[in-house]
Amino acid sequence: MKTIGVALVGCGGITLQNHLPGLALCAETKVVALCDADSVTLERARQQTGVSVVSTDFNEIVKRDDVHAVIIATPNSVHPPIAIAAARHGKHVLCEKPLALNYADAKAMADEADKAGVRHMTAFTYRFVPAMRYLHHLISRGDAGKIYHYRSCRLQDWGTRGLGWRQRKALAGTGEIGDMLSHRIDFARHLVSEFKRLVSSLVNHTPVRDGQANDTDDWVGLLAEFENGATGVMESSKLASGVNESMRSPDRVEINGSEASFSFTTGCWNELQYGKVGGPGMKALPIPREFYVLPGSPRDPSVGDPLVSFRYDQAIEFIHAIREQRSCSITLHDGARAQAVIDAAVNSANTGAWVKI
Ligand SMILES: NC(=O)c1ccc[n+]([C@@H]2O[C@H](COP(=O)([O-])OP(=O)(O)OC[C@H]3O[C@@H](n4cnc5c(N)ncnc54)[C@H](O)[C@@H]3O)[C@@H](O)[C@H]2O)c1
């Protein structure tokens with residue numbers, strides 16, 4: 001395969017902000033087809049990209065011979081049928097997070113992709129933040145020693161504005177936990193170990209947003225134990241008034257180990273905080289330049305807003321994995337395991353009990 005033909009299914013926010021510019025950096029890769037259930041959105045994407053093959057039906061798109069890979073960026077409820085149809089037609093799959101509305105569906109997506117022998121990936125985009133890749137490098141090298149605690153806190157000020165499909169459980173599955181905490185659940189698995197058990201609370205403070213019913217959580221708190229004995233505390237909110245939002249609001253991850261503590265704030269893409277056991281406190285640890293982009297990425301880290309452009313390395317990883325015929329660094333199984341944690345948190349919030357993963 002010389003040129004990799006990619007179809008985009010779902011042409012809304014994240015496709016325009018992330019997938020299209022990421023693919024534009026990939027050598028010998030072409031967007032050959034677009035799909036969106038909404039004809040106005042589809043027409044806008046057609047005009048913006050100049051891609052002439054368009055359909056409102058993903059079944060028409062995933063069966064095309066010129067499509068080798070499918071990127072799925074629709075509301076969460078329709079990820080599974082699209083991913084499974086694409087895999088069954090032998091297409092490589094990159095799917096947005098959270099993968100599905102429950103673990104069984106997410107696992108079925110990963111299993112179907114394995115069965116079809118295609119490359120598959122979950123869009124846990126924040127793994128590509130340079131500071132996160134450096135933190136993973138240091139932790140794997142043992143610099144933190146034995147890990148005692150994992151802590152993550154994601155706060156945004158979204159007020160009571162409307163969230164569209166994101167405020168409907170039937171389409172989104174969950175609210176804040178799937179939308180925002182899913183990335184931090186993935187960090188925990190990536191940096192610490194698999195979750196063993198957890199207890200959680202999911203709260204809906206805004207049953208009406210912009211005049212429409214909201215049946216999803218806008219705050220989540222979670223206490224966890226990991227397989228390796230570490231403990232974790234995680235919080236995420238859309239209602240932290242006044243703290244700003246997106247990459248400009250607090251998004252902190254901290255690891256405390258027997259040798260050192262490290263913390264990471266997404267807004268500081270090129271710096272960690274580091275403190276040695278018994279030392280005077282945390283201080284800045286700059287990220288070495290070789291971590292500024294994914295190895296092999298053609299991206300120039302001095303071009304564009306670094307709080308946005310790191311995201312483009314995700315498409316590069318997907319396309320490189322296809323070319324090199326290797327697993328993607330974050331597979332659909334990673335997305336499914338994060339989904340198992342989300343399911344356990346929902347179960348715990350409903351019963352008030354600790355839940356084993
Ligand atoms: N990885 C990240 O950092 C990140 C960031 C934002 C969004 N996301 C995820 O990306 C996905 C999309 O989010 P978004 O913000 O782009 O939403 P969006 O609402 O802006 O876009 C979704 C698009 O999917 C279309 N759609 C709905 N049903 C469809 C179907 N059956 N077939 C084809 N198209 C369909 C809608 O018409 C819409 O245009 C979600 O799963 C979300 O959680 C991930």
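**View 1. A hairpin of two strands, S13 and S14.** S13 is joined to S14 by a hairpin that passes through two residues. The structure is a predicted model, in which local features need pLDDT of at least 70 and side-chain atom pairs count only at pLDDT 80 or more, while totals for chains, interfaces and linings use all residues. Residues are numbered from 1 along each chain as its sequence is written. Helices (H or I, at least four residues) and strands (E, at least two) are DSSP runs, numbered from the N terminus. Strand S13 (residues 251-257) pairs with strand S14 (residues 260-265) in the antiparallel sense over five bridges; two strands pair if DSSP finds at least two bridges between them. Opposite isoleucine 255 stands phenylalanine 262 of S14.

View 2. S14 and strand S15 (residues 271-276) run antiparallel and are joined by four bridges. Five residues lie between these two strands in the hairpin that S14 and S15 form. Serine 263 has glutamine 273, in S15, as its bridge partner. Glutamine 273 has a further bridge partner in S16, namely alanine 284. The pairing of S15 with S16 is antiparallel and spans four bridges.

View 3. Two residues are in contact if their C-beta atoms, placed from the backbone, lie within 7 Å.

**View 4. The six-stranded sheet.** Six strands form an open sheet with parallel pairing, in the order S3-S2-S1-S4-S5-S6. Strand S3 (54-55) and strand S6 (120-122) stand at the edges with a single partner strand each, so one side of each is left without a neighbour in the sheet. Two bridges link strand S2 (residues 29-35) with S3 in the parallel sense. Cysteine 35 has serine 55, in S3, as its bridge partner. Helix H2 (residues 39-49) packs on the sheet and touches S2 and S3, its direction making about 155° with that of S2. Helix H11 (residues 332-351) also packs on this sheet, where it touches strand S5 (92-95) and S6; the direction of H11 makes about 40° with that of S6.

**View 5. The helix pair H4 and H5.** Two packed helices are described by the angle between their axes and the distance between the axes. The axes of helix H4 (residues 79-88) and helix H5 (residues 103-116) cross at roughly 10° and come within 8 Å. H4 and H5 are therefore roughly parallel to each other; angles under 35 degrees count as roughly parallel, over 145 as roughly antiparallel, 65 to 115 as roughly perpendicular and the rest as oblique. On the side of H4, the contact is made by Pro80, Ala83, Ile84, Ala87 and Arg88, and on the side of H5 by Asp105, Ala108, Met109, Glu112, Ala113 and Ala116. The contact residues divide into eight nonpolar, no polar and three charged. In these counts Ala, Val, Leu, Ile, Met, Phe, Trp, Tyr, Cys and Pro are nonpolar, Asp, Glu, Lys and Arg are charged, and the others, Gly among them, are polar.

View 6. In the contact, 18 residues of domain 1 meet 22 residues of domain 2. H5 and helix H10 (312-324) each supply at least two residues of the side of domain 1 that touches domain 2. H10 provides the largest share of that side, three residues. This side of domain 1 consists of 11 nonpolar, five polar and two charged residues.

**View 7. The shell around the ligand.** The ligand is surrounded by 25 residues, of which the closest are Gly10, Gly12, Gly13, Ala37 and Glu96. A residue is near a molecule or strand if its C-beta atom, placed from the backbone, lies within 6 Å of it. Helix H1 (residues 13-24) gives the most to the shell, with three residues. The shell comprises 11 nonpolar, nine polar and five charged residues. Domain 1 and domain 2 both give residues to the shell, so the ligand lies between them.

Technical notes: Domain bounds come from an automatic or database domain assignment. Axes are lines fitted to C-alpha atoms, for helices over the stretch in contact, and angles run from 0 to 180 degrees between N-to-C directions.
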